[in-house]
Amino acid sequence: MLLEETTIREFYADYLSTFHRLVPSAVAMFYARPCLFISDRSIVLMQNDAQVAQLFGQIIADLVSQDYDHSVVDNLQVELLSEHLAEVTGIAVRYRKDGRELERAGATYTLRKDAGAWKFVTATTYPAV
């Protein structure tokens with residue numbers, strides 16, 4: 001199971017690195033179809049690539065409008081729920097281009113392993129302190 005936890009941590013690191021490129025279609029590749037994005041403002045069910053890319057296009061545009069540069073994830077925790085399910089939780093500290101902190105956002109993801117690859121099936125975000 002330690003190997004799977006390492007694989008999931010690498011998957012998440014790849015996701016974060018890809019997110020920093022700010023290309024919605026690239027970010028979308030980390031999500032299963034269908035998938036859910038849950039926040040305190042909405043629940044979005046996405047059933048195809050275009051819907052995932054559209055949501056992340058909106059998220060990225062909002063961050064860029066606030067001078068977003070990158071995120072650092074604190075306290076990343078991985079819990080294997082079964083051979084094919086896992087949960088990942090962490091706090092993303094988002095920074096502006098000038099190095100000042102933009103915000104902190106908590107996130108909890110459910111991942112499913114299908115055909116040997118991990119993908120997000122739910123992403124739940126919330127304000128973090």
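**Note on the pocket, the core and selected residues**

1. Ser39 is buried, with a relative accessible area of 19%, where buried means under 20%, exposed over 50% and partly exposed in between (1.4 Å probe, protein chains only). Ser39 belongs to the loop that runs between S1 and strand S2 (43-46); helices (H or I, at least four residues) and strands (E, at least two) are DSSP runs numbered from the N terminus. A polar atom of the Ser39 side chain lies 3.1 Å from the backbone nitrogen of Arg41.

2. The model is a predicted one, in which local features need pLDDT of at least 70 and side-chain atom pairs count only at pLDDT 80 or more, whereas totals for chains, interfaces and linings use all residues. Residues are numbered from 1 along each chain as its sequence is written, and side-chain values use heavy atoms, with hydrogens and water left out.

3. The largest pocket has a volume of about 710 Å³. A pocket is an open set of points on a 1 Å grid over the protein atoms alone, where a 1.4 Å probe fits, with protein on both sides within 12 Å along at least five of seven lines, and lining residues have an atom within 4 Å of a point; the volume is the space filled by probe spheres set on the points. There are 32 residues in the lining of this pocket, and those closest to its centre are Phe37, Arg41, Ile59, Arg94 and Thr125. Two or more lining residues come from each of helix H1 (2-20), strand S1 (31-38), helix H3 (49-65), strand S3 (68-80), strand S4 (85-96), strand S5 (101-114) and strand S6 (117-127). By class, the lining of the largest pocket divides into 19 nonpolar, 7 polar and 6 charged residues.

4. Arg94, one of the residues closest to the centre of the largest pocket, is located in strand S4 and counts as buried at 17% relative accessibility. The side chain of Arg94 is joined to that of Glu103 by a polar contact of 2.6 Å, that is, a pair of N or O atoms within 3.5 Å, one able to donate a hydrogen and the other to accept it. Apart from its neighbours within four places in sequence, Arg94 is in contact (heavy atoms within 4.5 Å) with Leu63, Tyr68, His70, Ser71, Arg100, Glu101, Leu102, Glu103 and Ala105.

5. Leu102, a contact of Arg94, has its place in strand S5 and is buried, with a relative accessible area of 14%. Outside the four places on either side in sequence, Leu102 is in contact with Leu63, Gln66, Tyr68, Arg94, Tyr95 and Arg96. Between the C-alpha atoms of Leu102 and Ser71, which are 31 residues apart along the chain, the separation is 9.4 Å.

6. Thr125 is also among the residues closest to the centre of the largest pocket; Thr125 lies in strand S6 and counts as partly exposed at 22% relative accessibility. The C-alpha atoms of Thr125 and Ala107 are separated by 4.4 Å, although the two are 18 residues apart along the chain.

7. Not counting residues up to four places away in sequence, Phe120 touches Phe11, Tyr12, Tyr15, Phe30, Tyr31, Ala32, Cys35, Tyr109, Thr110 and Leu111.

8. Cys35, which Phe120 touches, sits in strand S1 and is buried, with a relative accessible area of 2%. Beyond four places in sequence, Cys35 is in contact with Val44, Leu45, Met46, Val52, Phe120 and Val121. The C-alpha atoms of Cys35 and Gln51, 16 residues apart along the chain, are 10.0 Å from each other.

9. Some backbone geometry deserves a check. Most residues other than glycine have a negative phi, and most peptide bonds are trans. The peptide bond from Arg33 to Pro34 is cis, with omega near -5°, and Pro34 is found in strand S1. Leu22, in the loop between H1 and H2, has a positive phi near 60° and counts as partly exposed at 26% relative accessibility. Ala115, in the loop between S5 and S6, has a positive phi near 55° and counts as exposed at 80% relative accessibility.

Technical notes
Ala, Val, Leu, Ile, Met, Phe, Trp, Tyr, Cys and Pro count as nonpolar, Asp, Glu, Lys and Arg as charged, and the others, Gly among them, as polar.
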